[in-house]
Amino acid sequence: MDTGRQGEPLEWPQLTKEEVRRAIFKSSPNKAPGPDEISFRVWRELWPVVGDHLLWLYSTSLELRHIPKQWKTARIVTLRKPGKDDYTVPKAFRPVSLLPTISKGLEAVVAARLSYMVERNSLLPDNHFGARPRRSAEQALNVLVERIYRAWRGGKILSLVSFDVKGAFNGVHTNVLTRRLAERRVPSQLVDWIGNFCSDRYARVTVGEFESDISRIDYAGIPQGSPLSPLLYVFYNANLVEKKIDGKGGAIGFVDDFNAWAVGADERETTAAIQREIIPHAEQWAKQSGATFEADKTSFIHFTKRTINLQTMQKHSSSRVKRYYPREMSKS
């Protein structure tokens with residue numbers, strides 16, 4: 001598969017006022033605002049007065065391929081993850097970046113445009129779900145379930161390995177991202193703008209009643225609070241997910257989650273195929289991307305109607321092997 005990597009960069013038409021209005025009014029008016037404390041409700045109420053000014057600001061930002069520092073300054077609020085035993089550990093908290101709504105409006109415009117380009121010009125793999133219209137988690141699961149049924153009907157098993165990237169959005173390298181966007185024909189003006197969007201970002205951290213000074217983020221990645229970030233990450237790991245689905249195996253992605261499988265006569269055959277093809281491919285992508293897979297969240301599952309010998313499997317694989325007998329599937 002070589003989806004979207006043929007031909008010259010696409011064109012970037014002039015921004016329209018209707019695009020800006022749609023982005024402002026589609027955004028939730030009640031979402032927490034950024035450091036400027038201006039919500040989307042304010043922009044909605046002021047739209048008749050400020051609409052032309054927002055269009056000019058957004059158009060100028062894209063033409064100059066530059067985003068003002070104030071628009072790239074976030075207020076990071078730390079929230080406790082429920083059910084954790086020890087809240088002295090940083091990983092027991094979830095940081096939420098609150099960005100200025102004026103910048104999120106522009107990011108929503110860019111996300112809508114980029115999404116349209118992706119689907120119209122097939123810039124991304126068909127087996128990459130999430131952050132794309134009509135590509136939900138349910139549809140991704142349906143693809144996998146259908147492949148499991150197909151393997152079973154052929155008297156075979158399907159073995160699945162699931163990867164989770166550690167600190168996915170924060171670990172994005174700007175130069176790698178812009179190179180991969182350019183490879184998939186994203187307009188050069190937009191590639192440069194996204195490069196600036198991911199660079200020279202600033203933040204202040206709020207923990208309880210404490211609030212830090214504003215500091216530069218040395219390795220910002222892509223901000224998790226932005227409406228544009230999920231789609232950018234799909235571009236970032238598209239090379240990892242881009243794999244043909246056939247009778248021997250396949251792969252699906254859901255934003256930063258990667259799942260790949262092999263089909264074979266028994267668990268030894270599928271395990272060997274995963275170790276020979278899928279693992280080296282994932283390791284190569286991680287090396288090229290500067291990414292790390294979270295070992296604790298990596299799982300290896302055999303989908304089979306037969307009972308397998310786990311002691312035998314442990315001799316052939318260092319991964320944790322799970323037996324999965326879905327009750328619904330067993331009826332087939």
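A: On a 1 Å grid over the protein atoms alone, a pocket is an open set of points where a 1.4 Å probe fits, with protein on both sides within 12 Å along at least five of seven lines; lining residues have an atom within 4 Å of a point. Points are joined across faces, edges and corners, and volume is the space filled by probe spheres set on them. The second largest pocket here has a volume of about 710 Å³. This is a predicted model, where local features need pLDDT of at least 70, side-chain atom pairs count only at pLDDT 80 or more, and totals for chains, interfaces and linings use all residues. Residues are numbered from 1 along each chain as its sequence is written, and side-chain values use heavy atoms, without hydrogens and water.

Q: Which residues lie nearest the centre of the second largest pocket?
A: Lys26, Ser27, Ala108, Ala111 and Pro227, out of 25 lining residues. Helices are DSSP runs of H or I with at least four residues, strands runs of E with at least two, numbered from the N terminus. Helix 3 (101-121) contributes the most to this lining, seven residues.

Q: How do the lining residues of the second largest pocket divide?
A: Ala, Val, Leu, Ile, Met, Phe, Trp, Tyr, Cys and Pro count as nonpolar, Asp, Glu, Lys and Arg as charged, and the others, Gly among them, as polar. This lining has 13 nonpolar, six polar and six charged residues.

Q: What about the largest pocket?
A: Its volume is about 840 Å³, and its lining has eight nonpolar, four polar and twelve charged residues. Strand 2 (residues 93-98) gives the most, three residues.
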